[in-house]
Amino acid sequence: MARDFAGWLSSHGWTVVTDPDVVDIVAEKDGCRLYAEVEGASSVPGLDVDTAIGQLVRRMPSEADQSVSFALVVRDEPRSVDAAVLAPQRVLDLLGMALYAVDEDGGVRQLFGRA
């Protein structure tokens, strides 16, 4: 799934690197940097989504930086998508965080925000 999202970013002009010591995906485009955490199959999607959001929050700079954005990527299946969209949009806006879903064929759709 991370490979599918990385490929989608690349097709949209992002330069992608994977760095498991930071987050699942780091991408750069036009002076902007995107950090993405990708959540795969889960028996407890709500907990995994909350954990992923927490992982992204820990990577956020202490000062506001408009050149940095964040994305949570989930499987495009009802339980995972429902868990992801439970995060209040106001909070996601404040965090500069977008939500994406990747289906089993590798298709990506944006749920909220933009990278």
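**Helix faces and overall fold of a predicted model**

Q: Which residues of helix α1 (residues 2–11) are buried?
A: This is a predicted model, in which local features need pLDDT of at least 70 and side-chain atom pairs count only at pLDDT 80 or more, while totals for chains, interfaces and linings use all residues. Residues are numbered from 1 along each chain as its sequence is written, and side-chain values use heavy atoms, with hydrogens and water left out. Helices (H or I, at least four residues) and strands (E, at least two) are DSSP runs, numbered from the N terminus; buried means under 20% relative accessible area, exposed over 50% and partly exposed in between (1.4 Å probe, protein chains only). In α1 the buried residues are F5, A6 and L9.

Q: Which exposed residues does the face of α1 turned away from its buried side carry?
A: The buried side of α1 holds F5, A6 and L9. On the face turned away from that side, the exposed residues are R3 and S11.

Q: What arc do the buried residues of helix α3 (residues 78–85) cover?
A: The buried residues of α3 are S80, V81, A83 and A84. They sit on the same side of α3, because their arc around the axis is only 160°.

Q: Which elements are included in what covers the buried residues of α3?
A: Cover is judged by contact, meaning heavy atoms within 4.5 Å. The covering elements include α2 (45–58), β4 (68–75), β5 (97–102) and β6 (108–112).

Q: With which residues is G107 in contact, leaving aside its neighbours within four places in sequence?
A: G107 belongs to the loop between β5 and β6. G107 is partly exposed, at a relative accessible area of 29%. Leaving aside those neighbours, its contacts are A101 and V102.

Q: What radius of gyration does the protein chain have?
A: The radius is taken over C-alpha atoms, and the globule rule is 2.2 Å times the number of residues to the power 0.38. For 115 residues, a compact globule would have a value near 13 Å, and the protein chain agrees, with 13 Å.

Technical notes: The arc is that of the directions from the helix axis to the C-beta atoms.
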